[in-house]
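User: I would like to learn how to read a ligand site and a helix. Please take me through them one at a time.

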Amino acid sequence: MTDLQWWQREIIYQVYPRSFQDSDGDGIGDLAGITRRLDYIRDLGAGVVWISPIFPSPMKDFGYDITDYRGIEPMFGDLDDFDALIEAAHARGLKVLLDFVPSHTSDQHPWFVESRSSRDNPKRDWYIWCDPMEDGPPTNWISEFGPTTWNWDEATGQYYLHIFLDSQPSLNWRNPQVQDEMLETMRLWYARGVDGFRVDAITHIAPDVDKGDHPPDPDWQEGMNPSGRLSKVHSKNQPFGYETVRMMRRVTEETPGNLLLGETDGTLDNVMSYYGDDLDGFHLPFNFRLLDIEWTVPNIRETVEAYEAALPEGAWPTWVIGNHDCIRIASRVGARRARLAMTLMLCLRGTPTIYQGDELGIPSAKIPPDKVQDPWEKQVPGQGLGRDPSRTPMPWDDSEGAGFTDGDPWLPIEVPPDGPVSAQDAGSMLAYVRRLIALRQSSDALLQGAYRTLGAEEDLYVFAREAEGERLVIALNFADTPRPAPDGDTVLSSHDATGPLVPGEARILRT
Ligand code: GLC
């Protein structure tokens, strides 16, 4: 067996800092809160903590709109709190990833304030400014969150580009000063002890406005996300975008062992392209395939096999079933199948990322209209695009504020069927996920064995993981009725079952 890198062996745990643990009673999580809960993450068995953005921000997009890449948002703490977090994490053997948001800043970032101040400001070219076309925007592009990507600046008579909110102007990475500034920022955080970055919205980093209008997307239909009406062939996945990834990778390699992880949405080919021609792109381009499909056994089988087949030689796989941008997995597959979904992700080949709370089986919450926070929901209300439902605070115990806060939580707290952390006893989802992770971390077959489909009929998905001297069979019963169990000695059952597989059961057997 070959030696694995830490990012190949360990499980990534995503912390959404606003919702993890509040320590000062303002109803919003913070760095000191995360530090206090590191033992929970370690005891779960995860080895890497990815923290969504913690930098100064007006919070129009909850931290994905940054005004200072080198500081800490006061709501979350300060640099001392950050250093304390890193030290406490490393003392527990945990690695820490920060979220790097290179494609856009806040419109309140001093760079943008300067850039929009006049056409000849030295920072003008740090962003993407264009003259109008026949009194309208330069292209027909649609933003990720709603109408056009262009915002008119009356004072200087030009449009600026924003792929997300109009308060998130796109940086111009073709400007070498922008590259230097941003890469130096990565170096500073690395020097402060960070072990890697998750790079946000990388597919959008190098839009090519000179290429003009986007054609209609033939697959788009009325009722779908309006942002998908056009095919973003000139704004996404542009050749220069890959060059920026290589730049970030080179900086990452300056400290051996650090990890570069990318938010790579898109087709299977898109995802694979971000490993880089010579594996000089992301170590791990996020694989959202399981978020994009309807969860039927044939779909899952096809997704897994297609992904396995497409991986370039030497590329390490990675899987995701939830994050702060999508519907909670327990709601997508139903409470009964939440353990099964977690088993699938943790038993496939490659590095899994667990989104905070998915280990508890938290469902997506119903957010009353007067509590809505997400700008996307506000921009296109009632279309089910809002992300608040998956961002509710962690339920730690059954006190008021759920052990998350002594104050008023910024979003309502959603308690899963098995209760808050303190109530999740031996038969709970949390206890099961802990056992599952312990098994994964001690099994060569699960850590680095080959994958093989054994069957995918009648809502029963069975696959094997095979290493030298160890063979495990994973059986997932998606059906609402029992299914025969494969032969073998049961190592773990999500329902402590013996005999036939009960509905929604995941069972791991040694053969
Ligand atoms: C990414 C983030 C999302 C954010 C967007 C803009 O997709 O995950 O939360 O809104 O980028 O930065």
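**The ligand site**

Analyst: A polar side-chain atom of Asp325 is 2.5 Å from an oxygen atom of the ligand. A polar contact is a pair of N or O atoms within 3.5 Å; within protein, one must be able to donate a hydrogen and the other to accept it, and residues adjacent in sequence count only if both atoms are side-chain atoms. The model is predicted: local features need pLDDT of at least 70, side-chain atom pairs count only at pLDDT 80 or more, and totals for chains, interfaces and linings use all residues. Residues are numbered from 1 along each chain as its sequence is written, and side-chain values use heavy atoms, with hydrogens and water left out.

User: Which residues of helix H6 are buried?

Analyst: Helices (H or I, at least four residues) and strands (E, at least two) are DSSP runs, numbered from the N terminus. Buried means under 20% relative accessible area, exposed over 50%, partly exposed in between (1.4 Å probe, protein chains only). In H6 the buried residues are Val178, Gln179, Met182, Leu183, Thr185, Met186, Trp189 and Tyr190. They line one face of the helix, because seen down the axis of H6 they fall within an arc of 145 degrees, taken from the directions from the helix axis to the C-beta atoms.

User: Which exposed residues does the face turned away from the buried side of H6 carry?

Analyst: That face carries Pro176, Asp180 and Ala191.
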